[in-house]
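Colleague: Before we discuss this complex, could we put the sequence and the model side by side?

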Amino acid sequence: MSNFWTSSIGKKVVMSLSGLFLITFLCVHLALNLLLIFDNSGELFNQGAHFMATNPLIKVVEPVLAIGFIIHIIWASVLTLQNQKARPVKYNKRNQSQNATWASRNMFIIGGLVLIFLAIHLYNFWWNIKFPSLSFVEMGSVQVNGVEMENTYAMVAGLFKESIVYCVIYIIGAIFLGLHLTHGFWSAFQSIGFSNDLWRKRLEWVAYLFAFIFAVGFSIIPLYFIAGLGN
Amino acid sequence: MADKILKELTLKIWRQKDAKSKGEFKTYKVHNISTGTSFLEMLDILNEQLVEQNEEPVAFDHDCREGICGTCSLFIDGRAHGPDDDVTTCQLHMRRFQDGATITIEPWRCGAFPVIKDLIVDRKAYDKIMQAGGYVSVSTGGVPDANAIPIANDKAEEAMDAAACIGCGACAATCKNSSAMLFVAAKVSQLALLPQGKIEAARRAKAMVAKMDELGFGNCTNTGACEMECPKSISIAHIARLNREFLKAKLKD
């Protein structure tokens, strides 16, 4: 495997595998979050969040997930810088909309916007759950089936009910994430060689489906609370 | 039916004295161009005009003018080989343009393809990639019998599709990352698909990718722009095969 990781294809494989890993995380994340709208007593979501916070396996996966994000971002930055350097003199006139989708041409920028959203998102929720003593919001506790746990539902519901600005930020974040996946999902398979003329059509179709599910799935949650359907 | 005449065209052309000079755009006008004229013939008309005015004619690459040699290039109005799909610049005709139009003509812009003069770039980088492994080693001697090695029809067809690459450089020129992956993929693919090429497949994939990286081409991000601009419509499915071949070869090491 000499020089594999420094080769252009090797670096793309790192992007692909870290990206696919992050997509599996998104699946779990969305599934858990949708508990918010299926039970407005909040018990289901609180139990889900409590399970995630206390499960030893999740404790191991959490730093791995963080590393996955960091690798994906660092490699993307390195690749983008190299790609910029590969064309020292730019074209005066370019008509790129004729040959590639907007999302595929702007993955780094869309990814950057998702990263900004991620920072806001971590500040809103993750920080408060991880460091309750340093948190900006007082998080109450609640009894579910005799177990004392953090009232995570109230924290999420509180944020979205209080601030329409945050609702809009979360919806925009979900849309950018979806756009990133329209190209990212199928591209990840292409980079590891799992594609041909037939599979490319299938993968692109699944990519759009995934993008739609994530964009709509994550947007529904703030919309649900704006509509006053939450508790 | 007689061809229509384009009364006036404005051409914005990149002029550069030599590799070391700083270039600039110059604007020229050509008149009464028949829509049946090919794009390169239109440039020939401009050059005759320039010669008569004692000006240096515009240098551009061309050879067969039949769309099969891969010599012509040009980035026309923001697209490699101009606005038509699946053709080289020499097969582009003036019927594609409106009377009174302004046409921007630039050389390929890619760090690995430096401009030599005006619209001519040095595409030796592709030759160097070929020298690194784009061949099969054969024993000398008599010509082998035809069909001595059976090859499935679908494999032969796919190899032929990849072999259609004429090495014009449009893929790297149009790629937002200046990546040469479609070229390298076509060359690796055409040989990897055939029994004669399988023997050296692992070495070939590694050597050609290493050379491509060394020459300063960018990294492929699968936008698919290359296959859209490729005059031979080579599919990026070949890039997936190159990725597979490269991974297989590296895993064996």
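The questions below go through the two chains, their contact and some local features.

Modeller: This is a predicted model, in which local features need a pLDDT of at least 70 and side-chain atom pairs count only at pLDDT 80 or more, while totals for chains, interfaces and linings use all residues. Residues are numbered from 1 along each chain as its sequence is written, and chains are lettered from A and ligands numbered from 1 in the order in which they are written.

Colleague: What ipTM does the predictor give the complex, and what average pLDDT does chain B have?

Modeller: For the complex, the predictor gives a pTM of 0.94 and an ipTM of 0.92. As for pLDDT, the predictor's confidence in each residue on a scale from 0 to 100, 100% of the residues of chain B score at least 70, and the chain B average is 96.

Colleague: What pattern does the secondary structure of chain A follow along the sequence?

Modeller: Elements here are DSSP runs numbered from the N terminus, helices being H or I with at least four residues and strands E with at least two. Chain A has nine helices and two strands, and its C-alpha atoms fill a box of roughly 60 × 40 × 35 Å along the principal axes. Read along the sequence, the pattern is α-α-α-α-α-α-β-β-α-α-α.

Colleague: How many helices and strands does chain B have, and what percentage of its residues is buried?

Modeller: Chain B has nine helices and seven strands, and its C-alpha atoms fill a box of roughly 60 × 45 × 40 Å, taken along the principal axes. A residue counts as buried if 20 or more other C-beta atoms, placed from the backbone, lie within 10 Å of its own, as exposed if there are 12 or fewer, and as partly exposed in between. Buried residues make up 30% of the 231 residues in chain A, and of the 253 residues of chain B the buried part is 47%.

Colleague: Which residues of helix α4 of chain A are buried?

Modeller: Helix α4(A), residues 56-85, has 30 residues and reaches 45 Å from its first C-alpha to its last, close to the expected 44 Å, a span taken as 1.5 Å times one less than the number of residues. What covers its buried residues includes α1 (8-33) and α6 (107-130) of chain A. The buried residues themselves are A:His72, A:Trp75, A:Ala76, A:Leu79 and A:Asn83.

Colleague: Which element gives the most to the side of chain B that touches chain A?

Modeller: With contact defined as C-beta atoms, placed from the backbone, lying within 7 Å, 39 residues of chain B are in contact with 37 residues of chain A. The elements of chain B that give two or more residues to this side are β5 (102-106), α7, α8 (225-229) and α9. By class, this side has 14 nonpolar, 15 polar and ten charged residues, where Ala, Val, Leu, Ile, Met, Phe, Trp, Tyr, Cys and Pro count as nonpolar, Asp, Glu, Lys and Arg as charged, and the others, Gly among them, as polar. The most, eight residues, comes from α9(B).

Colleague: At what angle do the axes of α7(B) and α9(B) cross?

Modeller: Axes are lines fitted to C-alpha atoms, for helices over the stretch in contact, with angles from 0 to 180 degrees between N-to-C directions; under 35 degrees counts as roughly parallel, over 145 as roughly antiparallel, 65 to 115 as roughly perpendicular and the rest as oblique. Residues meeting α9(B) from α7(B) include B:Ala201, B:Lys206 and B:Val209, and by class the contact has seven nonpolar, no polar and five charged residues. The two helices are therefore roughly perpendicular, with axes that come within 8 Å and cross at roughly 105 degrees.

Colleague: How do the residues of the contact of α5(B) with α9(B) divide by class?

Modeller: The axes of α5(B), residues 181-192, and α9(B) come within 8 Å and cross at roughly 70 degrees. The contact includes B:Leu182 and B:Val188 of α5(B) and B:Ile239 and B:Leu242 of α9(B). Its residues divide into nine nonpolar, two polar and two charged.

Colleague: Is A:Asn145 buried or exposed?

Modeller: A:Asn145 lies in the loop between β1 (141-144) and β2 (147-150) of chain A, and has a positive phi of about 50 degrees although it is not a glycine. Most residues other than glycine have a negative phi. With 7 other C-beta atoms within 10 Å, A:Asn145 is exposed.

Methods. Contact = placed C-beta atoms within 7 Å.
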